[in-house]
Amino acid sequence: MLLTGFGEAGQQKLRQAKVLMIGAGGLGCAALPYLAAAGVGTIGIVDHDTVSLSNLHRQVLYASADIGLPKAVCAQTRLQSLNTDILVDAFNQKIDPKNALDIIADFDIVIDGTDNFATRYMINDACVLLGKTLIYGAISRFEGQLAVFNHPDAGEAVNYRDLFPQPPGAGEVPDCAEA
């Protein structure tokens with residue numbers, strides 16, 4: 001509210017925003033608390049995984065008591081406790097070609113924090129079709145990538161496939177467990 005040029009009007013825009021975080025792992029756990037604290041009015045969280053002991057050192061939304069529980073639900077509970085004035089929707093399911101368009105349609109901005117290429121391409125394609133802004137993030141060891149793809153008119157803007165036309169071949173990129 002006190003930030004010059006932002007003020008009450010900017011805060012009201014944040015309150016009206018709807019942001020979908022796909023993946024509540026390392027990237028999601030880093031982004032979600034800031035979205036909640038900033039006052040983003042509606043936050044959606046899509047993740048089908050459960051919290052495990054191996055997550056706790058890097059996925060700081062979770063605690064030992066959460067082990068075995070769904071990540072989306074645990075993240076929802078934590079974010080609601082951080083900011084009771086926002087709405088947080090948990091989608092405790094895998095995003096796939098059957099449900100992606102329905103889930104993404106209700107949000108303004110999609111943040112892709114997933115860790116596999118097939119899902120990244122599918123999310124990109126859904127955002128292009130729906131004209132949604134996509135924020136893509138990836139981490140591998142000590143390196144990170146971030147890109148914002150604005151899709152104001154479905155199909156007309158640069159998208160993830162323009163940056164990476166072909167997914168890497170099997171074994172070319174280590175998965176999270178290996179890295």
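**View 1. Strand β2, helix α3 and strand β3 form a right-handed β-α-β unit.** Here α3 covers residues 71-82 and β3 covers residues 87-91. Right-handed means that, with the strands pointing away from the viewer, the path from the first strand over the helix to the second runs clockwise. Helices (H or I, at least four residues) and strands (E, at least two) are DSSP runs, numbered from the N terminus. You're looking at a predicted model, where local features need pLDDT of at least 70 and side-chain atom pairs count only at pLDDT 80 or more, while totals for chains, interfaces and linings use all residues. Residues are numbered from 1 along each chain as its sequence is written, and side-chain values use heavy atoms, leaving out hydrogens and water.

**View 2. Strand β2 has parallel partners in β1 and β3.** Five bridges tie β1 (residues 18-22) to β2, and five join β2 to β3; two strands count as paired if DSSP finds at least two bridges between them. Look for Ile 22 with its bridge partner Val 46 in β2, and for Ile 43 with Val 88 in β3.

**View 3. Strand β2 is largely enclosed by the rest of the structure, because five of its five residues (42-46) are buried.** Buried means under 20% relative accessible area, with exposed over 50% and partly exposed in between (1.4 Å probe, protein chains only). Thr 42, Gly 44 and Val 46 point one way, while Ile 43 and Ile 45 point the other.

**View 4. Helix α5 (residues 117-130) packs its buried residues against several elements.** Among those elements are β1, α4 (100-105) and β5 (133-140). Tyr 121, Met 122 and Ile 123 are some of the buried residues of α5. At the start of the helix, a side-chain oxygen of Asn 116 comes to within 3.4 Å of the backbone nitrogen of Ala 118. Just after α5, Gly 131 takes a positive phi of about 70°.

Note on methods: Contact = heavy atoms within 4.5 Å. Polar contact = N/O pair within 3.5 Å; in protein donor to acceptor, adjacent residues only side chain to side chain.
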